[in-house]
Amino acid sequence: MSLSVTNSLTGERESFEPTGDEVLLYVCGLTVSDDPHLGHARLWTHADVIARWLDYSGYDVRHVENFTDVNEKIAARIGERPEWETEADVARHYITKVIEYMRGLNFRRATVYPRVSEHIPEIIELVATLIDAGHAYEANGSVYFDVTSFDDYGTLSNQQLDELEAQGDPDERSEKRNPADFALWKAGGVAPDAIAEHAKHDHGDDPPTGQTWDSPWSEGRPGWHIECSAMSMTHLDDTIDIHIGGHDLVFPHHENEIAQSEAATGETFANYWLHTGLLETEDEKMSSSLDNFFTVEAALDEYGPNVIRTFYLSTEYGSKQTFSEAAMAEAEERWDRLQRAYDTAVDACDSVDATAKTEDTDLRAAVSETREAFTAAMNADFNVREAMAALRSLTDAVNRHVDSEPYDYHGLKQAIETFESLGGEVFGLQFGAETAGDVDLTSDLVELVLDVREAERAAGNYDRADDLRDALADLGIEVQDSDDGPTFRIE
RNA sequence: GCCAAGGUGGCAGAGUCCGGCCUAACGCAGCGGCCUGCAGAGCCGCCCAUCGUCGGUUCAAAUCCGACCCUUGGCUCCA
């Protein structure tokens with residue numbers, strides 16, 4: 001069975017055919033002007049899992065994810081801290097944080113994380129090409145894309161040109177030939193009113209203007225959309241296989257990317273467009289500008305990477321998702337159960353009761369059914385929820401199997417490998433992640449407390465025994481009694 | 001106003017592309033049983049939906065067609 005994806009360009013589910021040996025994947029990344037929130041991390045996670053699945057399926061993946069480090073919102077924050085003297089200073093601060101969170105969430109490193117500020121020459125070259133080809137024009141040092149010069153304008157978002165309203169400030173509008181034309185290059189620095197709109201502190205009489213670069217048209221700054229085209233072409237190719245981005249970027253950002261790229265090269269810009277649904281809180285999307293967001297930093301602190309990933313993987317990439325305490329609690333339950341089953345399988349497999357001569361056909365059937373169902377689900381437009389359900393069925397099989405000895409060594413080993421490959425490699429979940437050294441000492445101490453507790457239980461002092469269990473629970477250590485004595489898990 | 005996505009049980013959320021195996025998946029919550037001193041975990045079982053509304057096509061529709069209602073997103077910086 002082969003992979004099929006829902007292509008926003010056509011609205012249809014299509015079978016996936018890469019153009020070359022490598023899958024060229026571009027992820028429309030973040031503008032680094034503020035702390036990233038859980039909405040951003042949702043896109044990253046789905047992009048990460050999609051890249052992981054392509055890789056797992058045997059494709060070589062060239063994964064490019066950009067950082068937009070030139071933007072008026074970034075410039076507006078210059079001076080907010082003493083060390084933030086330039087736009088680049090602010091951007092560096094947030095890029096550092098984003099990478100830190102990406103590591104915290106266990107993302108696989110992209111092939112490259114290009115930044116706009118490193119690609120000004122490529123952007124200028126692309127703008128010049130568009131002017132030469134008659135698709136763009138210069139006005140007072142700024143350059144605009146002429147949307148009427150590109151017949152297919154509006155196909156991604158199904159916009160009709162005559163429905164589109166004028167964008168930007170009045171000065172800019174008066175420079176444009178058509179209201180829907182968009183800037184490729186803007187003369188001068190960031191305007192004071194734009195700074196004022198986005199600033200989080202008072203700049204006084206001398207607002208920053210952001211960085212400017214020399215160009216054939218003026219000292220100025222690149223437009224928002226042109227960067228993605230330039231970086232995509234630089235690090236991938238004129239035609240790429242998959243472009244991933246948030247649903248809120250369909251128009252105008254992605255529409256404009258297509259127009260300027262295809263006008264410049266004459267080639268299809270991206271064969272498959274994947275749009276991720278937005279994260280909402282209550283009834284509105286989570287957004288920096290709405291100030292209703294939960295930062296990645298806070299979430300990592302409170303829930304940890306596995307619960308966050310499990311939360312995201314309970315909905316398909318294309319659907320919107322609602323963030324709530326209840327949803328996170330459910331994700332925590334789901335992850336705990338998966339992790340417990342993994343630990344159970346490992347413990348059973350490593351015990352003396354596991355023998356090579358035992359064969360549990362139910363367990364082994366569950367392993368192969370899990371793998372088949374997981375693969376089918378992921379190939380059906382990356383249906384992570386169904387894939388997670390498949391993994392869940394394996395936990396049932398493992399738990400049933402360890403109900404009685406002897407254990408099926410090979411069957412358990414297959415189950416463990418399945419958790420590790422599908423749950424670990426593909427979903428990026430981290431089983432048994434605690435560090436070895438600390439766990440040894442902790443384990444010994446817990447054993448000691450449990451010995452005391454057993455003595456109290458034997459003597460019938462159940463109140464005392466329960467106190468000890470509660471005290472351990474407060475430390476995050478979950479005690480479970482069984483016929484063979486107590487066992488415990490460190491959470 | 002225009003464009004897009006979506007409306008499925010208490011919550012959450014698959015299935016809709018390729019109509020029948022959907023009296024509707026995996027869960028969370030809840031309930032009962034087993035196990036247990038108790039609890040937890042685990043196992044077994046149960047409860048709850050005819051799939052926004054109306055109409056149509058069909059032997060057959062959550063799935064196709066039409067109309068309408070509602071929600072969210074985009075049309076301004078936004079993953």
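Helices (H or I, at least four residues) and strands (E, at least two) are DSSP runs, numbered from the N terminus, and two strands pair if DSSP finds at least two bridges between them. Across that pair, Val5 sits opposite Glu14 in E2. E1 and E2 make a hairpin with four residues between them, and Gly11 in the turn has a positive phi of about 75°.

Quick housekeeping. This is a predicted model, where local features need pLDDT of at least 70 and side-chain atom pairs count only at pLDDT 80 or more, while totals for chains, interfaces and linings use all residues. Residues are numbered from 1 along each chain as its sequence is written, with chains lettered from A and ligands numbered from 1 in the order in which they are written.

Now the RNA. There are 71 residues around RNA strand B, and Arg13, Gly39, Gly246, Asn399 and Gln480 come nearest; near means a C-beta atom, placed from the backbone, within 6 Å.

On to helix H12, residues 361-379.

Which residues of H12 are buried? Leu363, Ala366, Val367, Thr370, Phe374, Ala377 and Met378. They cover an arc of only 110° around the axis, which puts them on the same side of H12; the arc is that of the directions from the helix axis to the C-beta atoms. The face turned away from that buried side carries the exposed residues Thr361, Ala365, Ser368 and Glu372. For the cut-offs, buried is 20 or more other C-beta atoms within 10 Å of the residue's own, exposed is 12 or fewer, and partly exposed is in between, with C-beta atoms placed from the backbone. Just after H12, Asp381 takes a positive phi of about 60°.

Last stop, Leu279, in strand E11 (residues 279-281). Why does Leu279 count as buried? Because it has 25 C-beta neighbours inside 10 Å. E11 belongs to an open three-stranded sheet, ordered E12-E11-E13 with mixed pairing. The edge strands are E12 (284-285) and E13 (321-323), each pairing on one side only. E11 and E12 run antiparallel, joined by two bridges, and Glu280 has Lys285 in E12 as its bridge partner.
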